[in-house]
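User: Hello! I am new to this structure and would like to get to know it through a few questions. Could you show it to me and then walk me through it?

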Amino acid sequence: MMAFIRKKERSRERFSLLLLDLEEYYFEQHTAYHIIGDGSSSLPNRYNRGSLKICSKSVIFEPDDVNKPILKIPLKDCKRIEALEDNESNPFKETKPACVLMETKQVYLIKEGDVVAPYKYERGERNVIFQLDMPLKTEDVVQTLLQLHRASRLDKLGDQTAMIAANLQSRLARTSFDKNSFQNVTERPHMECEAEMVSPLVTNPGHVCITDHNLYFQPLNSYPDSVVQIGLHSIRRIYKRRHGLRPVGLEVFCTENDLCSDIYLKFYNAKDRDELYYYIATFLENHVTEHTAESYMLQWQRGHISNYQYLLHLNNLADRSVNDLSQYPVFPWVISDYSSPKLDLLNPSSFRDLSKPVGALNTERLERLLERYRDMPEPRFMYGSHYSSPGYVLFYLVRVAPEHMLCLQNGRYDHADRMFNSVGETWKNCLEGGTDFKELIPEFYGTDCSFLKNLLCLNLGRRQGGGQVGDVELPSWASVDVDDFLQKMRAALESQHVSEHLHEWIDLIFGYKQKDSEAVAAHNVFHPLTYEGGIDCDSIEDPDQKIAMLTQILEFGQTPRQLFTSPHPQRIIPRFHSVSSGTSHSTSPNELSPVSPSMESFEDLTEESKKMAWSNMNKLSLQSSHKIHKEAVTGITATVTGTSVFSTSQDSTLKMFSKENSGLQRSVSFSNMALSSCVMLPEDKIVVCSSWDNNVYFYSIAYGRKLDTLMCHDDAVSQVCWRDNQLYTASWDSTVKVWKCVAADISSNKKAQFELLGELEHEAGVNTIALNPTGTLLASGTKEGTLSVWDIASCSVLHQLTFHSGKIYQVAFSPDSRNILSVGEDSCLKVTDVQTGMLLSTVPAEDEQRCFCWDGNTVLSGGQSGDLLVWDLLSSKVIHKIPAHSGPVTCIWINEQCSSVITGGEDKQIMFWKHQY
């Protein structure tokens, strides 16, 4: 199957539209040379021949040498673009601009060695020079780039989009369909118009022409072919599509039962789309029988088509297409048993309850979700994430569509532990996870097993237990054979049990339980923006708001178009085979090699202990309290063993407290200004402290003295974080800075080289920062209530969200990096979806919560009252209150096992807490 990937097999070139940003266009290409060197005798010029691609937001250079990396230069990162004069001093030869010079601060290196891998970056000011094979075109290319560069530097996204759209429309207006492409000289054209050919994550503009024999599409850039031709006699099905929430799509199929269409076109207005549709439909009237949802339903009821074929047809009729990842075909989980050595398809307990959405399969989780739903202001929803989205589709398909994943995620794969590593683990997370309600995709019931195997030998990362991400781990009943697994999945889908209950799932996804009161009764209510007609984007006048809303909806996922408004009938003539004995056969467990090394078992044990600790957070008991500071405590960190605890305070001191001796061991002062936070570097040798005196200090535990000072900001440093030899400093000067900071150099008393790697600029003073567990994203909160999410690799902002009405005190990612929790002066806890920037939940508190730690669902927070509060975010309620400090709680530290908690407050105390089971 892998429908949209099969198309690419014909092309061996490394360039692909997936190298472009989302919503970017590829305009033209020129044969060119990338000039490396300065022309001097010591560094003579080297010329790398290749293809220079001019795109709406970037320039891409694909070298002819496949071992050399493709270069991508974002236009927004360019400081200067100009024509470089030819210096040849020949009086008889006219001097012409011969080269294109681009002064940029960043270059992406892609597919080095012809290997699909996360993008690399080269940062720092540099000149990149290209010499066109046809020098006379240099001036035109430079003028085009300057125009696109101006668009990329506009402040408002709406203005950028409008300027690029004007450039595109101008190009389309200057060209027309080349009728030399007609298959036959006798063909008579019926209509011509402009459109874009759609494939997953990308669109390609060009000209459409339909004649009395053929449908043609001619890409503006002649990529990947100069023309696409489809004979009208070969067309079997056509569907009108919503694209970008607008009725402007048309998809054409030349096969009856294939997921993959032959062309998907997006028009610039509904009138052109409708005219083309009716012309083809009229032509097909005499050749093809038109099918409706009701006609397919009758075929399915009578057993003329399989469950798989019926679901495929319903998806097509409901606007689902493999070419649109935000509306990818959705199929149900049907098996619930992924742990037995033998799969029994005659036992009803082997199957999932198809009358309930995934979010309602776990009764305990559902009750928590319903509590939150009942307390939620209008518009209310039960589930903060959808059952189908681009991220979920590529979660399943990353092994066969790695370039799509890199395109969606800014040149990165997801963290290894969040990959599709195991069928059983994924099902378990869908049952138990607080925000995971995803269904399956058709590939699980097809015949192509490549999406379950790492046949491309991709380096997808290493899991916490040490294992490399490879093939997907299958249930034990699948004989560790992917073909056997898919065969049993197909058998389950076509089984008698599923055939008797499939109509119940159709009611939820395509039918009368999709909306309104029936959806509420069926616990099937998703975010209002996911439904067709949930918002009229054309009514939003502000272009920036419209683009942001569209992006949010498309990334979040969309509910299929409703096909049935009354209960779907049950299948009445079951023409399917009984399950053969071979279906439930499996290799016995002792014939399998062990799949979990001891390290993974240890990780599992650690995870179990964390779960136990969080489920018993309401049983925290005070062990001891110590008033060791003269002013409010601002930060706490500790050694791995927890024996030595370090705290910073507004009294300007760093204190070292011995938990074993219950006594203060050291007190250090770096200046007379307050210290604001502290962090421990690996191996427990160095404590890093931030100060209101604009500096960061490095304190050696072994030497008992300050080893180094980093003078880093123009105002107070509010917080520091460290990860993978990079230090992150936040400041009231409205910046977050990223520094190279090698822990080993500092601890060995070697003079550290603090190289500034990046600067993240904000509109107001930054009060707090946090890194996600993998160190790829950074969240920041400002004094004015703006939450920003940053991509660290590119130092670019992904979201800037003003959800708080006052200062943000603290932000933190969930362990799976999918959500961010923030607390602020407005006395609210807010949960934000990282991928879409959507506000998922707002939980009001009785007073300001100043600090917290959380596991993605349960929150332990400290507030203005001095109490510690334990929250359940699903029900949006405080489930336990623990009396603690005599003034506001200012900081909370929790160890990696989540078994030990230390708090600090304005009452100048640090308090030690333990669980009492």
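Analyst: Happy to! A word to start with: buried means under 20% relative accessible area, exposed means over 50%, and partly exposed is in between, using a 1.4 Å probe and protein chains only. This is a predicted model, in which local features need pLDDT of at least 70 and side-chain atom pairs count only at pLDDT 80 or more, while totals for chains, interfaces and linings use all residues. Residues are numbered from 1 along each chain as its sequence is written, and side-chain values use heavy atoms, with hydrogens and water left out.

User: Is Arg-80 buried, exposed or partly exposed?

Analyst: Its salt-bridge partner is Glu-103, at 2.8 Å from N to O; a salt bridge is a side-chain nitrogen of Lys or Arg within 4 Å of a carboxyl oxygen of Asp or Glu. Glu-103 is buried, at a relative accessible area of 14%. For Arg-80 the relative accessible area is 28%, so Arg-80 is partly exposed.

User: How many residues apart in the chain are Glu-103 and Arg-80?

Analyst: Helices (H or I, at least four residues) and strands (E, at least two) are DSSP runs, numbered from the N terminus. The salt bridge joins the side chains of Glu-103 and Arg-80. Glu-103 sits in strand β6 (residues 97–110) and Arg-80 in strand β5 (residues 78–85), which puts the two 23 residues apart.

User: How many salt bridges does a search of the whole structure find?

Analyst: Side chains of opposite charge can pair when their charged atoms come close. Across the whole structure, the number of salt bridges found is 37.

User: In the salt bridge of Arg-242 and Glu-532, how many residues apart are the partners?

Analyst: The side chains of Arg-242 and Glu-532 meet at 3.8 Å, N to O. Arg-242 is in strand β12 (residues 237–243), while Glu-532 is in the loop between α13 and α14 (543–556), and the separation is 290 residues.

User: How far apart are the end C-alpha atoms of helix α7?

Analyst: The expected span of a helix is 1.5 Å times one less than its number of residues. Helix α7 (residues 363–375) has 13 residues, so it should span 18 Å. The model agrees with this, as the end C-alpha atoms are 19 Å apart.

User: Within what arc do the buried residues of α7 fall?

Analyst: The buried residues of α7 are Arg-365, Leu-366, Leu-369, Leu-370, Arg-372 and Tyr-373. The arc is that of the directions from the helix axis to the C-beta atoms. Seen down the axis of α7, these buried residues line one face of the helix, because they fall within an arc of 160°.

User: Which residue caps the N-terminal end of α11?

Analyst: Helix α11 (residues 482–493) is mostly covered, with 9 of its 12 residues buried. At the N-terminal end of α11, a side-chain oxygen lies 2.9 Å from the backbone nitrogen of Asp-483, and the capping residue is Asp-481.

Definitions and conventions:
A polar contact is a pair of N or O atoms within 3.5 Å; within protein, one must be able to donate a hydrogen and the other to accept it, and residues adjacent in sequence count only if both atoms are side-chain atoms.
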